[in-house]
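Grab a pencil and work through the exercises below. Try each task yourself before you read its solution.

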Amino acid sequence: MQNSHKALWDNCLKLIRQNVTEQQYKTWFEPIVFESYSESDATLLLQVPSAYFCEYLEQHYIRLMYWALTNGFKAKVRLNYRIVTDSAHKLTQDVEADKPADIDEPQPGTRANLSPTVLDTAPCDLNPQLNKYQTFDNFIEGDSNKLPRTVGLAIAERPGKSTFNPFFLYGPSGCGKTHLVNAIGVRIKEMFPQKRVLYVSARLFQVQFTDASRRNTVNDFINFYQTIDVLIIDDVQEWATAEKTVNTFFHVFDHLFRLGKQIILASDRPPVDLDWLTDRMLTRFSCGLIAEMEKPDVQLSIDILSAKCRHDGLKIPADVIQFIAESANGSVRDLQGVVNSLLTNSIIYNKSVDMRLAERVIKRAVKVDNHPLTVDDIVEKVCGHFNVPQQHVFSKSRKRDYVLVRQVSMYLAQKYTKMPASRIGQLIGGRDHSTVLHSCSTIEERLKVDKAFQAELSSIENSFKLKQ
């Protein structure tokens, strides 16, 4: 019987293949393994290689998959995933897929309707528009976000009843604000399912208001938002030129605030730097809590990367993680983008992640200096200053002049590039990281006592600035 069910799943794959590119099919559907199908409750179980793989399917192909299942099995199928969490020890975890609430039930033989969902503004069955994957469980705490995270947990436990209302969160792009406000909303829905929670971007709020104005239904728009128990609005700095939207929001805000409803706002700058903010709104924001969220430092970046690798089932060497953390410019978004790119490359090309792949991905995914110094640049400048041919730096020679140039090159590479010591050593004669650390220590000690040597290094460093 399972063979016949496997054949039905194969038919679903044929339908999916007709709706995606060949590369998409090979990357995201060929690795799926049919496990079982239960006729009693119409449940299909599919094995996927990792949690990241599962999340990617949910975010990009879930509507297509349910359409194919309906056509292939000629029934309303429940979809479950079996996620491989540890291939070495054959550990797995079963999770249920999220069926889109608005998906059509197409007739057999039709093509999928893959149009995006629209925000539902009906008075019931409110879609909170939250990202279920952005939770407190995967929000890694560090010095830069400890206070906002603690406040967020307190709000989730007592929405609208704590002293943190309204909660205004600000910080630079990529620091994790959107993740945190989503996590608050997700936790509130878990603890208080009856509450009407809504996450909306400032831009979407403005679009909805503009549309309501055009249709002469502004009162309906305001009435809808005044029914919300927890209102989360992201990127409010985008209202800089939207005076009418701001005035309407104030009426919504004032109504919710007086009723003790929770209001959470996020921005890339503090309220005092928002030119559109009136004195009456600034006063109301100040009576709650205004919290800053900073970009993660290198250690927090390492913790975030390590946690994501564990979650996604990706093995990245420690030196590569260190390199990514130092290169991502303190942006959580960049960190996640780099790991996703590495994982996708690893899946597509069936190869492990190494430093070479990480460097290639970083160049494409992360904005860095326009003219960054490379190890080759540094070696060239140092060799030119000391009049030593470059090949001697990469050789095994222990001649004193060559060793000095090699040590200075390693010291300056450690200072001016974001590469870990192990990578620097590899690029300068295939040395290990301990040689690089010893070289840096030797140069630092000499700089403390040798003024002439200090002048020579200053001259080399000035030549770097001329290059940039």
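**Exercise 1.** Find out whether Phe 221 is buried or exposed, and what it touches.

*Solution.* Start with the accessible area: Phe 221 has a relative value of 8%. Buried means under 20%, exposed over 50% and partly exposed in between, with a 1.4 Å probe and protein chains only, so Phe 221 counts as buried. (Helices are DSSP runs of H or I with at least four residues, strands are runs of E with at least two, and both are numbered from the N terminus.) Now look for contacts, meaning heavy atoms within 4.5 Å. If you skip neighbours within four places in sequence, Phe 221 touches Phe 205, Gln 208, Phe 209, Ala 212 and Thr 248. Finally, check one of those pairs: Phe 205 is 16 residues away along the chain, and the two C-alpha atoms are 9.9 Å apart.

A quick word on the model: it is predicted, so local features need pLDDT of at least 70 and side-chain atom pairs pLDDT 80 or more, while totals for chains, interfaces and linings use all residues. Residues are numbered from 1 along each chain as its sequence is written, and side-chain values use heavy atoms, without hydrogens and water.

**Exercise 2.** Work out the strand order of the open five-stranded sheet and say which strands stand at the edges.

*Solution.* First, read off the order: β6-β7-β8-β5-β9, with parallel pairing. (Two strands pair if DSSP finds at least two bridges between them.) Then look at the ends: β6 (197-201) and β9 (289-292) each have a single partner strand, so one side of each has no neighbour in the sheet. Ignoring direction, neighbouring strands are turned by 15° against each other on average. Zoom in on β5 (residues 167-170): four bridges join it to β9, and Leu 169 stands opposite Ala 291.

**Exercise 3.** Describe how helices α11 and α13 pack.

*Solution.* You need two values here: the angle between the axes and the distance between them. Axes are lines fitted to C-alpha atoms, for helices over the stretch in contact, and angles run from 0 to 180 degrees between N-to-C directions. For α11 (residues 298-312) and α13 (residues 332-349), the angle is about 35° and the axes are 10 Å apart. Last, pick out the contact residues: Ile 304 and Leu 305 are among those in α11, while Leu 335 and Val 339 are among those in α13.
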